[in-house]
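Let's walk through this assembly together, chain by chain and then across the places where chains meet. Keep the viewer open as you read.

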Amino acid sequence: MEKISLTGQLIQYIFTGITVGSIYAMVALGFNIIYNVTEIINFAQGEFVMLGGLIMVFFSAFLKLPLPLAFLLTVAVVTGVGALMERFTINPLKNATVLTMIIVTIAVSILLKGIAMFVWGKDPYIIPPFSGSEPIVILGAAIQTQTLWVLLMTAVVVVLLSLFFKKTRYGKAMLACADDPDAARLVGIKVNTMVLISFALSAAIGAVAGAIITPISLMEYDRGALLGLKGFGASVLGGLGSFYGAVVAGILLGIIESLCAGLISSGYKDAVALLLLLLVLYVRPSGLFGNVEAGKIKEF
Amino acid sequence: MSSENFNTFLRVEDLRKSFGGVRALKGLSFTVNSGMIKAIIGPNGAGKTTLFNVITGVFPPNTGSIAFEGVSIDGRKSGEIARLGVSRTFQNVEIFSRMTVLENVMVGRHIQSRAGIISTGFRLLRMRREERQIQESAMEFLQFVGLEHRAGELAGNLPLGEQKLLEIARALATEPKILLLDEPAGGLNTRETEGLAVLIHRILDKGITVVLVEHDMNLVMDISDEIVVMNFGEKIAEGKPKQVKNDPLVIKAYLGEEVDYSNL
Amino acid sequence: MDRQNRNRLVGLIFFLVLFPVLVMNVGAIGHYLDVMIFVGIYSLINMGLSLLMGYAGQISLGHAAFFGLGAYTSGILCTKLSLSPWLAMFAGVAITALIAYIVGVPSLKLKGHYLAMATLGFGVIVYIFFNEEVALTGGPSGFSDIPGLTIMGLNLNNDLYYYILVWSLVLLTLIFSLNVINSRIGRALRSLHDSEVAAAAMGVETSRFKVIIFVLSAAYASIAGSLYTHYVGFLSPSSFDLFLSIKLVMMVVVGGMHNIWGALLGTWLLTFLGNEWLHVFHDFDILVYGAILLAIVMFLPEGLIDLTPRMRRLWKGR
């Protein structure tokens with residue numbers, strides 16, 4: 001095997017970073033959508049990704065369904081889980097304290113994790129890449145084809161979401177809820193329904209992320225928490241609630257992490273992302289791209 | 001009364017505060033003299049509660065100054081300001097609902113006591129003596145507002161009128177020099193409001209200066225020495241009740257508000 | 001201390017004295033004493049968490065880190081520097097408290113979800129540190145041969161002695177905590193929980209008290225960590241992971257976070273469930289934990305300690 005040049009290596013790290021970062025970005029988007037409508041941080045957000053991965057494994061590797069069908073079914077099932085979560089745990093607890101809301105979403109995350117362990121056991125699963133396992137060589141770096149799938153799907157998610165919020169009735173209504181729930185209620189928007197949609201939508205995005213990353217990074221029942229934590233890091237870094245902030249910060253976080261892993265120490269790569277999260281929380285809780293009014297940013 | 005009076009107690013100068021794009025206070029100035037009842041009135045959204053919040057350090061002003069007894073207090077923390085002798089009640093009752101009535105007032109004794117974590121944890125003798133004193137004086141303040149019979153009850157179970165009294169007792173327990181009352185008569189019936197007027201006078205008799213935000217014009221006109229009228233974050237009039245009543249700007253500001261003009 | 005607390009305290013002591021007598025003579029549950037030692041160790045942490053969550057209204061999803069810091073400080077100082085275990089325990093408390101202070105000051109300025117995430121992140125960072133600093137901590141496989149505790153030449157390497165030691169410390173900590181709760185500091189904390197703005201207006205130094213309780217709870221966790229180390233004699237990072245932090249919060253919530261007795265009840269119940277009674281579920285205990293927590297939060301938000309008062313309220317039709 002020939003020796004890979006330093007630039008090749010760097011490009012490889014950056015590609016890996018963008019890939020992982022896309023997943024963080026999608027988790028962050030999930031956080032933001034729910035936060036904007038409800039001001040809840042959903043601690044089960046990472047579990048949606050985990051479920052997406054494992055259910056994709058079930059449909060594509062176990063049932064051997066065609067890839068597009070398996071993918072759509074995965075997203076549908078996880079979306080259903082998100083909706084169920086909202087109806088049975090979030091919706092009945094109106095006017096609960098922040099502490100209670102945190103604990104409820106944690107409880108759901110433990111439950112989902114437990115169910116995943118019950119169904120799939122503790123072993124990691126992998127599925128083959130969506131198209132061919134032969135890597136493509138770009139500038140001396142070997143890039144997996146699945147990486148391109150991840151980038152493509154992330155782009156699709158971002159474009160579809162922007163269209164949803166800009167063009168559709170429900171999307172606009174959700175923006176209105178985010179802006180001022182009371183006013184939204186007054187003009188006849190069913191805030192209740194919007195909260196349901198926000199959970200379903202977040203779950204769907206999580207499912208997409210899980211399904212497309214599994215061929216690269218494998219998936220197991222207990223991956224949700226760390227994915228969720230880093231996705232939250234991205235969402236804070238980009239300014240909680242900010243749509244494009246989440247995407248940029250997610251990818252940035254992925255690249256930083258990947259470079260640290262490659263150039264400094266792979267053991268501390270998770271710590272780097274978390275230290276960055278703490279630093280941003282302590283120094284600039286409104287995020288790198290957020291306004292000065294911390295936590296008040298409601299723009300998608 | 002001249003604002004250059006030697007006994008100027010609280011001086012607010014050119015106070016500005018905005019939230020996002022909303023300017024809640026637009027350069028407000030007034031003074032309060034020692035031993036008086038000063039009322040601040042104005043339509044909803046005039047910035048009265050914001051004013052109290054800025055004075056008591058809930059949030060700092062954007063610009064402007066607040067001096068209490070000649071000491072600048074703008075931008076200081078709530079706790080520091082309380083220690084200097086400024087106490088308050090809240091428009092939307094902020095009692096400690098899961099604590100007993102007596103305990104609520106005992107929290108008011110916080111700055112008058114000093115036991116730390118070690119001496120409380122090990123129940124040192126000094127702390128036990130202090131605890132007894134806290135309890136006794138808290139009971140006295142409850143008696144002062146007439147709530148001693150409710151001492152053992154959960155504060156959240158009291159009716160609104162008594163919760164408002166409890167807030168006053170709690171504020172008095174800090175032994176303030178000046179007391180800011182934010183709509184003390186809001187939600188009270190006529191009889192309770194009459195009782196409140198008497199209570200405010202008794203507070204004044206204790207040597208405590210009172211600043212009052214209130215919508216009940218009967219009460220305001222009845223007990224205030226001076227009135228500041230605010231509208232949209234600005235002072236539009238100031239003076240004795242009689243002067244203010246006949247001020248055309250004031251009447252204009254109140255047009256459309258549900259106010260009994262015969263009293264203005 | 002009021003009568004209810006005193007009665008409960010007497011009841012608890014009675015139970016603690018009877019427990020070994022009852023359990024040790026029955027073969028099948030003879031090892032319950034061992035489980036009870038773990039209940040005591042986790043109770044120490046959870047009394048601190050209860051003060052923090054139930055009384056100061058703040059959350060920490062990183063208390064496993066403080067537990068681990070105490071454990072590792074004790075373990076490392078005793079094996080590598082052959083320090084006296086008691087001195088090492090003290091050093092553990094000092095180091096943990098210092099770190100808690102450094103982390104607590106900026107973290108406790110954050111509210112709600114942000115605080116939860118910050119403490120969660122901190123916990124994971126410490127966990128990674130335990131894994132990666134192989135020279136110091138032995139890395140993922142940890143290290144063993146940590147000596148047991150002795151008091152004046154008496155070796156406590158015996159379940160009954162260790163039980164007595166741990167639960168004496170629990171009782172002392174409990175009394176200390178109850179005293180704090182029923183003092184101006186406890187009132188200040190409870191007031192914070194009901195209305196932060198009113199508490200501040202009464203001169204309660206909100207940020208200072210939050211930090212004090214955070215540091216105190218970290219110190220409790222550190223002592224628990226030292227006791228844990230000397231009991232099991234072996235340390236590895238997996239005992240201090242993210243899930244432990246969450247489990248600790250669960251214990252407090254399930255028992256009832258607004259009441260320190262609730263924290264004890266929840267710790268007792270979930271530790272016995274986890275170590276003993278859920279073994280029928282093998283690896284699926286997580287599922288059961290999740291279900292229990294969810295059920296409690298949804299239907300009994302004040303925790304199990306509120307079960308009988310709540311039934312009474314329902315009975316009376318209120």
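Chain B has an average pLDDT of 89, and 94% of its residues score at least 70; pLDDT is the predictor's confidence in each residue, on a scale from 0 to 100. Residues 1-6 of chain B fall below 50, and this stretch has 5 contacts in the model beyond near neighbours in sequence. Two residues are in contact here if their C-beta atoms, placed from the backbone, lie within 7 Å.

This is a predicted model, in which local features need pLDDT of at least 70 and side-chain atom pairs count only at pLDDT 80 or more, while totals for chains, interfaces and linings use all residues. Residues are numbered from 1 along each chain as its sequence is written, with chains lettered from A and ligands numbered from 1 in the order in which they are written.

Staying with chain B, you will find 10 helices and 10 strands; these are DSSP runs numbered from the N terminus, helices being H or I with at least four residues and strands E with at least two. Its radius of gyration is 19 Å, close to the 18 Å that the globule rule gives for 264 residues, so chain B is as compact as a globular protein of that length. The radius is taken over C-alpha atoms, and the rule is 2.2 Å times the number of residues to the power 0.38. Along the principal axes, the C-alpha atoms of chain B fill a box of roughly 65 × 40 × 40 Å. Of its 264 residues, 43% are buried, that is, they have 20 or more other C-beta atoms within 10 Å of their own, with C-beta atoms placed from the backbone.

Now turn to chain C, which has 14 helices and 2 strands. The C-alpha trace of chain C spans about 55 × 50 × 40 Å along its principal axes, and 54% of the 318 residues are buried.

How do the chains meet? In chain B, 32 residues are in contact with 22 residues of chain C. The elements of chain B that give two or more residues to this side are α2 (78-83), β6 (86-88), α3 (101-108), α4 (117-121) and α5 (125-145). By class, this side of chain B has 13 nonpolar, 11 polar and 8 charged residues; Ala, Val, Leu, Ile, Met, Phe, Trp, Tyr, Cys and Pro count as nonpolar, Asp, Glu, Lys and Arg as charged, and the others, Gly among them, as polar.

Chain A touches chain C too, with 33 of its residues in contact with 34 of chain C. The largest share of this side of chain A, 16 residues, comes from α4(A).

Conventions:
A residue is buried if 20 or more other C-beta atoms lie within 10 Å of its own, exposed if 12 or fewer, and partly exposed in between; C-beta atoms are placed from the backbone.
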